[in-house]
Amino acid sequence: MIKKVIIYLFCFVSHICAGEISVSISESLVNDYLKLIDSHEIPKGGKNDQAFWSIIDPYVKFEKGKASFYATVRYRKGKINIKKNINKNMYVEYNYDDNIINLMIENPIITMERKNQSLGKLDISSLYQQGLKFQGPRPKDETIKLKTVKGKIKIEMNIKKSLIYFEEKIVRVAIDLDYQ
C-alpha cells in the first residue's frame with residue numbers, strides 16, 4: 001500500500017513539476033580545443049600555383065543570446081601577403097535522434113580579395129567542426145518499469161521540446177520533459 005502511494009505521488013509530482021535535463025558547454029572548453037589545434041598553415045592549389053592560408057589565434061566568445069568565433073586569417077602566395085580579422089556568428093544544432101550537439105560556424109567561407117579580385121577561398125568549418133560535437137541531454141532510457149505487489153508499472157518520459165540557451169561563457173542545450 002505504501003509503495004503504491006509513493007509511486008502515485010512520484011508520478012503526480014513529476015507530472016506537475018515538469019523540468020529539464022541539460023548539457024552545458026563552456027567557452028573555456030571550446031577555447032582549450034581551439035588552442036590544441038593552434039595556429040597552422042594550410043596549402044591550397046597546385047605545386048606551381050600554391051597559396052598558404054594560416055588561421056592565427058582562433059577563439060570563441062559566448063555571450064547572452066549569441067556566440068561568436070574570432071581569428072586572424074593570413075593568405076600568402078608569392079609576393080602577396082594579406083591578413084584579415086574575422087568575426088563569425090555561431091549557432092547550435094541539436095539532433096535528438098542521434099543525441100548530438102554541433103557547434104557550427106555561420107558562413108564559414110573566408111574569401112581573400114585584393115583590388116576587388118578574389119584570390120582564394122577557405123572553408124574554416126572543415127578545420128574545426130569535428131571537435132565541436134558533443135553528447136546531448138537525451139536520457140538513455142525513456143521508460144521506467146517498476147515491479148510492485150499489484151503488478152508492473154510503466155512510467156514514460158514525455159519530451160516536450162529541446163531548448164538552446166546562449167549565456168555568459170556557456171551554451172546550454174536542454175530538453176523539457178515530464179513523466180506520464
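Which side chain does Lys 169 meet in a salt bridge? In this predicted model, the partner is Glu 27, at 3.6 Å, N to O.

Look at where the two sit. Glu 27 is in helix H2, residues 27-37. Lys 169 is in the loop between strand E11 (151-167) and E12. They are 142 residues apart, so the pair links distant parts of the chain. Now accessibility. Glu 27 counts as buried because its relative accessibility is 11%, and buried means under 20%. Lys 169, at 48%, counts as partly exposed.

Next residue along: Ile 170. Ile 170 lies in strand E12, residues 170-179. Its relative accessibility is 29%, so Ile 170 counts as partly exposed. What is Ile 170 in contact with, leaving aside neighbours within four places in sequence? Ser 24, Ile 25, Ser 26, Phe 62 and Tyr 165.

Side chains of opposite charge can pair when their charged atoms come close. The count here comes to seven salt bridges. One of them joins Glu 167 and Arg 172 at 3.4 Å, N to O. Glu 167 is partly exposed, with a relative accessible area of 28%. Arg 172 counts as buried, at 16%.

One more pair. Lys 66 and Glu 63 meet at 3.9 Å, N to O. Lys 66 is partly exposed at 41%. Glu 63 is partly exposed too, at 24%.

Definitions and conventions: Residues numbered from 1 in each chain as written. Predicted model: local features only at pLDDT ≥ 70, side-chain atom pairs only at ≥ 80, totals over all residues. Heavy atoms only, no water. Helix = DSSP H or I, 4+ residues; strand = E, 2+ residues; numbered from the N terminus. Buried < 20%, exposed > 50% of the residue type's maximum accessible area, 1.4 Å probe, protein only. Contact = heavy atoms within 4.5 Å. Salt bridge = Lys/Arg side-chain N within 4 Å of Asp/Glu carboxyl O.
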